[in-house]
Amino acid sequence: MTASSSSTRRATCAACLRAQSACICHWVRPLSSRVDLLILQHPLEVRNAKNSARLLHLCLPGSRLEVGETFPDLQAPLYADGRVPVLLYPETPGFAPPVLEPAPPERLRLVVLDATWRKSRKMLHVNPELQRLPRLALHDVPASAYRIRKAHAPHQLSTLEAAALALGQMESDADAYRPLLQAFDGFVQQQAALFLCLNPS
């Protein structure tokens with residue numbers, strides 16, 4: 001292998017952070033959202049080929065993506081521009097988070113934890129600021145199309161799917177985020193095809 005070919009194989013897309021041969025930028029469907037989006041991504045997810053948070057971030061240009069397990073200063077990203085942060089997270093037995101007061105979508109910020117369930121619980125535990133946020137639970141959750149990653153139940157969604165449903169729920173317009181879910185379908189098909197190429201039967 002020549003140095004040139006080795007360099008080409010290692011070339012990475014600056015936008016999606018994937019190898020050029022596995023770039024997902026052609027699936028990006030830019031959308032504007034009335035609710036702001038903050039993604040807190042666990043470091044182990046950054047280079048995971050099956051991770052959907054990067055595509056989500058690229059599709060919503062106004063979103064913000066922060067990487068870490070602990071976030072010493074969450075005040076600025078949570079409350080920037082006077083928005084009210086809302087954590088996308090299911091109910092925790094024995095814990096009652098603050099109640100979200102009615103507010104127009106333009107005043108809200110959806111906070112999404114991009115991690116495995118075990119890691120997301122730890123992120124919540126080590127970041128007390130997140131524990132103090134009102135929460136949003138999804139309603140009428142459909143089966144996930146995330147067939148490239150193992151889930152314990154059909155309704156366990158990818159980060160992108162969960163965020164798309166949550167934004168639609170908060171804005172009372174599920175159809176507005178249909179292009180995002182269509183982009184995700186293309187992404188899943190691409191990852192499945194790459195897996196078959198690397199693991200022929």
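Analyst: Start with pLDDT, which is the predictor's confidence in each residue, from 0 to 100. The chain averages a pLDDT of 85, and 83% of the residues score at least 70. This is a predicted model, so local features need pLDDT of at least 70 and side-chain atom pairs count only at pLDDT 80 or more, while totals for chains, interfaces and linings use all residues. Residues are numbered from 1 along each chain as its sequence is written, and side-chain values use heavy atoms, with hydrogens and water left out.

User: Where does pLDDT stay under 50?

Analyst: Over residues 1-8 and over residues 151-155. A contact means heavy atoms within 4.5 Å. Beyond four places in sequence, the model has two contacts for residues 1-8 and six for residues 151-155.

User: How many helices and strands are in the chain?

Analyst: Seven helices and five strands. Helices (H or I, at least four residues) and strands (E, at least two) are DSSP runs, numbered from the N terminus. From that end, the elements run α-β-α-β-α-β-β-α-α-β-α-α.

User: What makes Cys-59 count as buried?

Analyst: Buried means under 20% relative accessible area, exposed means over 50%, and partly exposed is in between (1.4 Å probe, protein chains only). Cys-59 has a relative accessible area of 0%, so it is buried. Cys-23, at 16% relative accessibility, counts as buried too. Of the 201 residues of the chain, 41% get that label.

User: What is the largest nonpolar core made of?

Analyst: A nonpolar core is a set of buried Ala, Val, Leu, Ile, Met, Phe, Trp, Tyr and Cys residues joined through side-chain atoms within 4.5 Å. The largest one has 33 residues, and those with the most contacts inside it are Leu-56, Leu-110 and Leu-180. Several elements each supply at least two residues of this core, including strand S1 (36-41), helix H2 (53-59) and helix H7 (178-198). The largest share, seven residues, comes from H6. Apart from this core lies another, of 13 residues, among them Leu-74, Tyr-89, Val-111 and Leu-113.

User: Which residues is Leu-180 in contact with?

Analyst: Leaving aside its neighbours within four places in sequence, Leu-180 is in contact with Leu-31, Leu-56, Cys-59, Leu-160 and Ala-164.

User: Why is the pair of Tyr-89 and Trp-117 called edge-to-face?

Analyst: Rings of Phe, Tyr and Trp (its six-membered ring) pair if their centres lie within 6.5 Å; planes under 30 degrees apart count as stacked, over 60 as edge-to-face and the rest as tilted. The rings of Tyr-89 and Trp-117 have centres 5.9 Å apart and planes at 70 degrees, so the pair is edge-to-face. The two residues sit 28 apart in the chain, with Tyr-89 in the loop between S3 and S4 and Trp-117 in helix H4 (residues 117-126). Tyr-89 is buried at 8%, whereas Trp-117, at 41% relative accessibility, counts as partly exposed.

User: And why are Phe-184 and Phe-187 called tilted?

Analyst: Their ring centres are 6.0 Å apart and their planes are at 35 degrees, so this pair is tilted. Both lie in helix H7, three residues apart, about one turn of the helix. Phe-184 and Phe-187 are both buried.

User: What does Ser-120 touch?

Analyst: Not counting residues up to four places away in sequence, Ser-120 touches Tyr-89, Leu-113 and Ala-115. Ser-120 lies in helix H4 and is buried, with a relative accessible area of 3%.
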